[in-house]
Amino acid sequence: MIDLRWLRDNPEAAKASQRARGADESLVDRVIAADEARRTTLASFEAARAEQKDVSRSVGKASPEERPAILERAKALAENVKALESEANTRAEELGNLQYELENIVIEGVPAGGADDFRVIKHVGEVRDFASEGFEPLDHLDLGERLRAIDVKRGAKVSGSRFYYLTGVGARLELALLTSALELAVAHGFTPIITPTLVSPDTMRGTGFLGAHADEVYHLPADDLYLTGTSEVALAGYHADEIIDVSSPLRYAGWSTCYRREAGSHGRDTRGIIRVHQFNKVEMFVFTTQEDSESEHERLLAWEEEMLARAELPYRVIDVAAGDLGSSAARKFDCEAWLPTQQRWMEVTSTSNCTSFQARRLGIRERVEEGGTRPVATLNGTLATTRWMVAMLENHQQPDGSVRVPEALRPFMGGLEVMEPVA
């Protein structure tokens with residue numbers, strides 16, 4: 001949610017942000033007009049209520065002859081106050097609905113445009129030349145089935161398409177990956193949290209996940225609860241309606257199972273476990289000051305890269321374009337690992353600076369020196385997730401179908417160095 005005072009003072013900046021996103025810039029004018037209507041109606045209500053109180057107080061002082069007329073006037077004023085209060089509430093609701101449509105203001109320097117308009121920041125690591133090594137690489141599902149690490153057939157039998165089992169070394173590899181990520185987070189001062197995966201509508205809405213992409217979220221109508229697609233949601237709600245101390249950033253690492261309907265992705269990445277309905281993830285989440293949000297964002301990206309180094313994956317970092325940010329993010333960096341069998345880059349981590357957008361919606365504030373409170377800033381970043389296994393299996397495969405375990409993960413797999421095919 002955008003600060004209305006800032007919006008009134010900077011309408012052109014807000015419109016420029018909307019244009020960069022490819023969104024409707026007229027929404028800015030509509031929000032400002034709705035705010036003006038709400039404030040005007042509220043002022044009329046408060047003036048009428050003050051007059052009503054004055055007239056009501058005068059009843060006791062009036063003579064018997066004056067009292068009937070004063071009582072009649074008090075009754076008329078009471079009806080007017082009630083009508084103005086109802087109108088003020090309606091105007092406030094209209095404003096609130098429009099405010100929830102307005103996306104976060106993008107940070108200066110974010111590329112304008114859509115999904116294909118990102119800016120590549122850097123490449124890290126060498127892409128393997130399998131042809132020079134003399135063999136054709138297998139894709140992650142072929143490898144996973146030969147290792148008896150991934151079973152999508154039984155996953156589909158039990159739960160439907162885009163579900164799977166991780167078995168044997170597959171289960172061990174995922175646990176090793178996530179445990180290593182949690183260890184890294186703790187080493188950098190994060191508090192580990194295992195989060196709820198069911199949250200209230202207010203929490204889901206407050207984090208910005210019930211907007212344009214609400215169709216990707218699983219909803220349980222009988223309980224009016226939502227299954228989270230990331231622990232970011234539950235972590236954002238952790239301090240909802242609280243005043244917190246962020247003189248030093250509050251850093252949390254959430255471990256959770258995540259659920260996504262993947263609506264609108266039919267025909268995309270349907271093979272294997274690239275785009276699935278359920279997966280596990282370790283997510284970094286930070287509450288900090290508005291001033292420190294951009295430098296904290298750089299730190300989150302650096303920690304993601306540190307984890308990618310542990311997985312020994314070649315990757316690139318991109319500055320995501322405004323139209324592909326999502327409603328809450330003001331800037332987002334993605335790390336994309338190389339996928340040999342598809343000859344493309346695949347997103348494996350994402351870190352977003354949500355500035356004060358989520359905190360304003362969720363009522364998360366800090367005290368300021370000049371008195372009063374203000375919203376904090378929130379940031380998030382993926383430290384490891386099930387999808388990483390796709391890139392790890394393909395990039396670390398060997399000619400005989402075995403897969404080398406990255407050295408940093410071996411202690412979490414009992415020292416296992418190579419995952420061998422099962423006959």
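A salt bridge is taken here as a side-chain nitrogen of Lys or Arg within 4 Å of a carboxyl oxygen of Asp or Glu. The model is predicted, so local features require pLDDT of at least 70 and side-chain atom pairs count only at pLDDT 80 or more, whereas totals for chains, interfaces and linings use all residues. Residues are numbered from 1 along each chain as its sequence is written, and side-chain values rest on heavy atoms, with hydrogens and water left out.

Across the whole structure, 31 salt bridges are found. One of them joins the side chains of Arg 39 and Glu 36, at 2.8 Å from N to O. Both residues belong to helix H3 (residues 26-58), where a spacing of three residues separates them by about one helical turn; helices (H or I, at least four residues) and strands (E, at least two) are DSSP runs, numbered from the N terminus. Arg 39 is partly exposed at 33% relative accessibility, as is Glu 36 at 40%; buried denotes under 20% relative accessible area, exposed over 50%, and partly exposed the range in between (1.4 Å probe, protein chains only). Arg 39 and Glu 36 also take part in a network of salt bridges with Arg 8, Asp 35 and Arg 38.

In helix H11, Arg 299 and Glu 296 are likewise three residues apart, about one helical turn, and their side chains form a salt bridge of 2.7 Å, N to O. Arg 299 is partly exposed at 30% relative accessibility, whereas Glu 296 is buried at 0%.

A further salt bridge links Lys 122 to Glu 305, with 3.0 Å between the closest N and O atoms. Lys 122 lies in strand E1 and Glu 305 in helix H11 (residues 293-311), so this pair ties together parts 183 residues apart in sequence. Glu 305 is buried, with a relative accessible area of 11%, while Lys 122 is partly exposed at 35%.

Eight strands form an open sheet of mixed pairing, in the order E1-E10-E11-E12-E15-E9-E8-E4; two strands pair if DSSP finds at least two bridges between them. Strands E1 (119-124) and E4 (191-194) stand at the edges with a single partner each, so one side of each lacks a neighbour in the sheet. Strands E8 (residues 250-259) and E9 (residues 278-288) run antiparallel and are joined by ten bridges. Within E9, Phe 287 stands opposite Leu 250. Helix H8 (residues 169-187) lies across E4, E8, E9 and strand E15 (377-385), at about 145° to E15; angles run from 0 to 180 degrees between N-to-C directions of axes fitted to C-alpha atoms, for helices over the stretch in contact, and contact means heavy atoms within 4.5 Å.
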